[in-house]
Amino acid sequence: MKERQKIQKQKKQPQLTRRQFLGAAAGVTVAAAVSGCDIVEEPGGSGWLPTQYTNEGNWPAQVKGRVPIDPQNPSIERVDSACILCGQCLEVCQNTETVYNYYELPVVDGFICVHCGQCALNCPTGAIREKSQIDRALEAIDDPDKITVATISPGVRVSIGEEFGMAQGEWAQEQMITALRELGFDYVINIDFSSDSTIMEEGSELVHRLTSGGVLPQFTSCCPGWVKFVEYYYPELIPNISSAKSPVAEMGAMLKTYWAKKKKIDPDKIVVVNIPPCTAKKFEMSRPEMDAARRYWEEHEKKKYSGMRDVDVILTTRELAQMIRNQGIDFMSLPKGSFDPIVSEGSGGAIIFPNTGGVMEAAIRAAYFLVSGEDPPEDLLHLEVLRDGDLDGYAEGSVDVPGFGEVKVAVCNGLHAARTLCEEIKAGKRSDLHFLEVMTCPGGCIGGGGQAKTVVPPSNGLRRNRLASIYKADEALSPEKRVSYKNDEIKALYDEFLGEPLSELAELILHTEYTDRSASLEAKDTKDYVDPYNGERGEVQ
Amino acid sequence: MKDCAVLFDVTKCVGCGSCTVACKMWNGLPYEENAHGYDAKLDDKTWTVVEYHDVKKGKEDVLRFAKHQCMHCLEPSCVAVCFAKAITVSDEGAVVYDAKKCVGCRYCMIGCPYSVPKYEWDKVFPSVMKCRLCAEKLAKNESPACTSVCPSGALTFGTRDDLLDEAWARIKADSGYIQKVYGETEGGGTRWLYISDVPFKDLGLPEDIPTKSIPSTIHDYTKWKPGIFVGAAAVFGALGLYTKRRVKIENEQRQGEGGKEDV
Amino acid sequence: MFDYNLRINKKACFRMTLTRWILLGLTGFGLLIMLYRLLHGLGAVTNLSDEWPWGFWIYCDLILSALGACGFAVGILGHVLHIPEFKPLGRRALLMSFFCYVLVFLVLFIEIGRWDNFYWFFISFAWTSPLYEVAICITLYIILQFLELVEVWGDRYKRWVKVIVGFFMPVIVLLACILPFGQEAAYGAIYLAMPAKLNPIWYSQYLPWACLITSFSGGLCFVALEYRLVNRHYCKNSDDQVVIKALRIAGGVIIAYLVIKLIDLSVRGVWGEVFSGQTEGNMFLLETIVGFIIPAIIVFTPYVKRPVFQMIAAACGVAGILLNRFNFIFTGMADYAGVSYTPKWTEIWIVIGLASLMILCYLFALENLPIVSGKGERHGEVVSRPAIGMIRPDKGKRG
């Protein structure tokens, strides 16, 4: 802590003394008045604008302005002084994520944002950045009454190293664990555990829908940006979203219930600090329904913890790197650390969660077992067809599951592809689909809005390096370690606490509900979508 | 281009604040936190702001954004009241301030019906600061910085006549608009024109500005002044001579009666 | 001619009393702050803001100009209409008026943000601006008054100066009686530019003329007040007739003003605002009752014969000016500004310092120039009691 103060002190700028100022002011004034020289500059017109703006009248340009950002946005903020109006944020928001310009103007009662943070990732000057929660994390660490639990999302470990000079996508999980311990976190937990529990719940839900004729296709719910996107633009498809929470939200709830009970810790003292590669998690954390732990204690143990949230702090990859740098930790030379047990074991299926198609692959491995009762064959552990090799945002395929038949699945990364598919589903053209995975960010969480800005704008090469690194870690494991249902700690979770997937307690802690946000905007009819700049009318591809 | 003007369509503004950044970039102004938001406020370093307004539209609560800057009146009050002729109207119509001529009386600040000019209170030799409609860009046939960066089409640049036609065409095409182009007649007309679907006063635009321009109001007073000076000189001269003579006669009469008084 | 007998020596003499030392101290203090203001800008010494670009200093300018109209009012009555009662008031009104306007000029100098550029308005010829009219009229008026004072100085010290300046006197006096039509009305015209800001109780097309008229009555009340106070201080006899005449004329002008205001308010239909019970309406009623109706009642009833009521009427007349100007600078604009404004202590102390300087100069001139006529009044006796401190008994007379 002392070092931190020192750094802050150094930042303080030298101040002019009053005497110096008086003397200077008097001298300048008298000299100027006597000499009659110009002491006042003509205001205005002395600056600069990017060249795309130096043109006549309302010249149409592909790239203009910037995205609107609510000052109250929980995920991202923008520093005007750094903005150069390059238009990259607008580019990605409109063309990759199809959020900006896909609603009618005037706006209704607020800013439309799915919090994906791609604008921040694409911002060349760093004007747009995540809303920092470093101070909240440090406050919790410094508070001796609080027990700080750092939970690491899987996408971070192939990106954090880039902040400290490692190769693109280099695996840095073990150094990160040590770094977190050095930063002062009491426990370091692996989100892979709750990824497996998500797969168990989501897979069970899918099996339930498949066998009992529920709403299909089922949508994954791990990505908060995607969830909000559906809530905004496709409220009629909300029933399609799996009610299972995202791994981060599940982990928060489980840490403050199952883990707290096992460790005999007062849940009110636990501060869950999650480190995802994502800015939308900051929004997800603030959703009012994300207080399952509080409800559990109130309903099952008659204990009131008012104001207790499942997750308390979200730090993106960049924020964690900043904390490590601020603390003066030499990341590259850190020894390897390991996670704290009980809720940290993860299967290979959980490891590939941050990749596009990863959730789908893990879910198929589990669903195969849940439907057929058999372990998935070797070729199902490497579903190349769903891995979106050309990273164009869309992949689909089918899997034969004994006892059910052909399961047709699709994978989207980037909301542009998801929007196209949603339009088709809405139109009733895709009744053949059973399961759909959507990641808001291109490439999945490994290209998340909170990741290291190694390449700006992020390139597919960078994404491929990170994807490959993740798949390599999965493939290094033995087959029984690559499926969620063989996770010993998950088995313990269900045996000791939840009972079975989709049980009443599991519904309370691991499932959630969604809000229809369509009243916040009037969605454009994308059939009639007119590009405001080149005036071409056409469908979204 | 002569007769430059800008149309601001409130219904098209998304509140991104690009215009405020462009203004600061082009004019070399320091950044502060007050350029856009609920408490956005014009000041000497911020020549244009995007204000957020929670407005009632019928029964709905809606959020609207209103850009504020110098309105660039056709007959600017500030130009008329400046007692050093430091504010002038450019060929293109921009109302431009010249710091070298300014004496610092601040009459423009108090005389502007929209209270746009702001002052560098913390400087020893302060200047009045306000939007200049990027006069030097206009002179080069470019559009002002703020209008050139608007991504949503809320700002349209053109000649005033064209934009008035455009504004009324939009109002006629969509019944949601208020049946008024703000700035068409306010204070004799302004070069910034606003159309909106919510009342203008809810967007921070004063609605009690008389149609008659302030310079002509003042002129109605000033025009009597030469006559009054000349007339008063004539009347006073004549009266003075007449009364002096009358007093003299009175005194003579009194002297005749034996009194002895000074006059 | 009158007997200006307050001093008889040709040598200038100014005896310092405690009060004068205090005034000198205040002057020094005020000048120090003024220097600070000139070197550090407005933000350092004022509470002025973008909401209140004009404040206490402009208020001082307006009231001092209005009260400085005493010279113009007495000039018209004494030297144009040649009403005999006003002849002895001429020089004292001139002296007061001169120092009021010099103070206005000084305050304007510190008030403008770019004092290094102050000369610019002389060559700008911005005829459209009422403020330009004010500035140019005040400047010319001060020059004219200075010439008139030179003549007064020559009267005692250099006869040939008096003769030369005296030659031009009729023209100077005539100009000096016309010019204030410019600045007094233009002060009101300044506020013509604020139709959407100034409360409708005060905002009117006739505001300039109301300002002109009230400055006339206010100036007369001010000179009546001064006449009484200075004469008592220097143990001179006051002539009731002079005071009554001044007050009656002021009263007539006030009634004219009230009639105009009445018609103006009715035509524009703002009586509702006046009696709304809001601050603005109440302040207007206060201004009108205290500043205009009370003096008007006193001067046209027999009370006016009693000196104490004369003093009350004159004081109310002056207060009327102070309140009226206060109301349309502050009260009427407060609603628009939205935030409150209280002058910073430095703002006030600069004015106090400069005013102290002006009072000292005024006293010096009063005692060394033939200003106050001792015999003065047509039927009065010369009183030659020993005066307080600085006044010597009447030893001899100059023609």
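This is a predicted model: local features need pLDDT of at least 70, side-chain atom pairs count only at pLDDT 80 or more; totals for chains, interfaces and linings use all residues.
The interface considered here is formed by chain B and chain A, with 50 residues of chain B and 43 residues of chain A taking part in the contact. The size of an interface is often given as the accessible area lost when the parts come together. For chain B and chain A, the buried area amounts to about 3,700 Å², and 60% of this area lies on carbon and sulfur atoms. Between these two chains, zero salt bridges are counted, whereas 14 residue pairs, both residues being at pLDDT 80 or more, are in polar contact. On the side of chain B that touches chain A, at least two residues each are supplied by α1 (18-27), β4 (60-68), β8 (128-129), α4 (135-139), α5 (145-149) and β9 (155-159) of chain B. The largest share of this side, seven residues, is contributed by α1(B).

Within chain A, T220(A) is found in the loop that runs between β5 (218-219) and α8 (224-233). T220(A) has a relative accessible area of 1% and is therefore classed as buried, the cut-off for this class being under 20%. When residues up to four places away in sequence are left aside, T220(A) touches E202(A), W226(A), I241(A), V359(A), F435(A), L436(A), E437(A) and V438(A).

In chain C, V267(C) belongs to helix α8, which spans residues 240-268. Because its relative accessible area is 67%, V267(C) counts as exposed. Together with I255(C), V259(C), L262(C), I263(C) and F300(C), V267(C) makes a nonpolar surface patch of about 560 Å².

Conventions: Residues are numbered from 1 along each chain as its sequence is written. Chains are lettered from A and ligands numbered from 1 in the order in which they are written. Side-chain values use heavy atoms; hydrogens and water are left out. Patches are made of residues with over 30% relative accessible area and no salt bridge: like charges are joined within 9 Å, nonpolar side chains (Val, Leu, Ile, Met, Phe, Trp, Tyr) within 5 Å. Accessible areas come from the Shrake-Rupley method with a 1.4 Å probe; for residues, only the protein chains shown count as cover. A salt bridge is a side-chain nitrogen of Lys or Arg within 4 Å of a carboxyl oxygen of Asp or Glu. Helices (H or I, at least four residues) and strands (E, at least two) are DSSP runs, numbered from the N terminus. Buried means under 20% relative accessible area, exposed over 50%, partly exposed in between (1.4 Å probe, protein chains only). Contact means heavy atoms within 4.5 Å. Buried area is the accessible area (1.4 Å probe) that two parts lose on being put together, summed over both. A polar contact is a pair of N or O atoms within 3.5 Å; within protein, one must be able to donate a hydrogen and the other to accept it, and residues adjacent in sequence count only if both atoms are side-chain atoms.
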